[in-house]
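Trainee: Could we look at the ligand and its surroundings together?
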Amino acid sequence: MNRKKRISLLSAGIWYSFFLIVAGFLSGQAVDGNYDLLRERMVERQIVARGVQDTSVLAAMKSVPRHLFVPEDLRSAAYSDRPLPIGYGQTISQPYIVAYMTELLEVNPEHKVLEIGTGSGYQAAVLSRLAREVYTIEIIPELGNAAAERLRELGYDNVTVRIGDGYQGWPEEAPFDRIIVTAAPEQIPPKLVEQLKPGGRMVIPTGPQWWGQDLLVVEKREDGSIKTINTIPVRFVPMVKEK
Ligand code: SAH
């Protein structure tokens, strides 16, 4: 091969690599842009349309990249109006339910929040945009560890994940201003009520396993007495008891 030919081949090669890099970059951008659009639409059509109004909750739902909390092969379905499997027989809740429960919780930037049932970490990420600190407990180590890693990588650094049994709560960090339970026990766990601050509130689905449950708001008054408000029927995975 003569020198001229070699140089022209080399420069074609360089141009081709450059083209691949630019094309790769642009398609990555397009995909991300697409997810942003899908997320906007999810908030408008599934959440605002069903009556969630709290602007800070809507902003949090618009900011958290839900597609990064579902298994890779389900990313294209991340913004659809349903729960999705996240492995180990567990699910990430439907976007509307996440928003509705978050609105019911009435979180403010001073609050210390406890979540039971970390799962993918998505609900914890949404809460982290609204609260001072989020503590979240997951009973399946593989899910809890993956969620902790994901939350760290995405920079949600006011969230702390613990592997453990949610029925015990997190006594070392109690009391909590807010508690949200994202798996369903048959009855309200007494230790969670104990770890709620007076004036605090808890949102929790309660009822028979594998059947429908009621989504309850539990308020602890300043005098320590409890008021329970029944909201909507829901269906959550069971909150399991350690054997
Ligand atoms: N909030 C999650 C979805 C929760 S699915 C998200 O945003 O993705 C319910 C989770 O509760 C499951 O991961 C399940 O393993 C966990 N779980 C069930 N029983 C539990 C218990 N006793 N203590 C802690 N976590 C529990």
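Mentor: Let us start with a term: a polar contact is a pair of N or O atoms within 3.5 Å, and within protein one must be able to donate a hydrogen and the other to accept it, while residues adjacent in sequence count only if both atoms are side-chain atoms. This is a predicted model, in which local features need pLDDT of at least 70, side-chain atom pairs count only at pLDDT 80 or more, and totals for chains, interfaces and linings use all residues. Residues are numbered from 1 along each chain as its sequence is written, and side-chain values use heavy atoms, with hydrogens and water left out.

Trainee: Which backbone N or O atom lies 3.3 Å from a nitrogen atom of the ligand?
Mentor: That atom belongs to Ile-139. A backbone N or O atom of Gly-166 is 2.8 Å from a ligand nitrogen. In the side chain of Glu-115, an N or O atom lies 3.0 Å from a nitrogen atom of the ligand.

Trainee: And how many residues surround the ligand?
Mentor: There are 27, and Gly-117, Ser-120, Glu-138, Gly-166 and Val-240 are the closest. A residue counts as near if one of its heavy atoms lies within 4 Å.

Trainee: What classes does the shell around the ligand have?
Mentor: The shell has 13 nonpolar, eleven polar and three charged residues. Ala, Val, Leu, Ile, Met, Phe, Trp, Tyr, Cys and Pro count as nonpolar, Asp, Glu, Lys and Arg as charged, and the others, Gly among them, as polar.

Trainee: Changing topic, which element gives the largest share of that shell?
Mentor: That is β2, with three residues. Strands are DSSP runs (E, at least two residues), numbered from the N terminus.

Definitions and conventions. Helix = DSSP H or I, 4+ residues; strand = E, 2+ residues; numbered from the N terminus.
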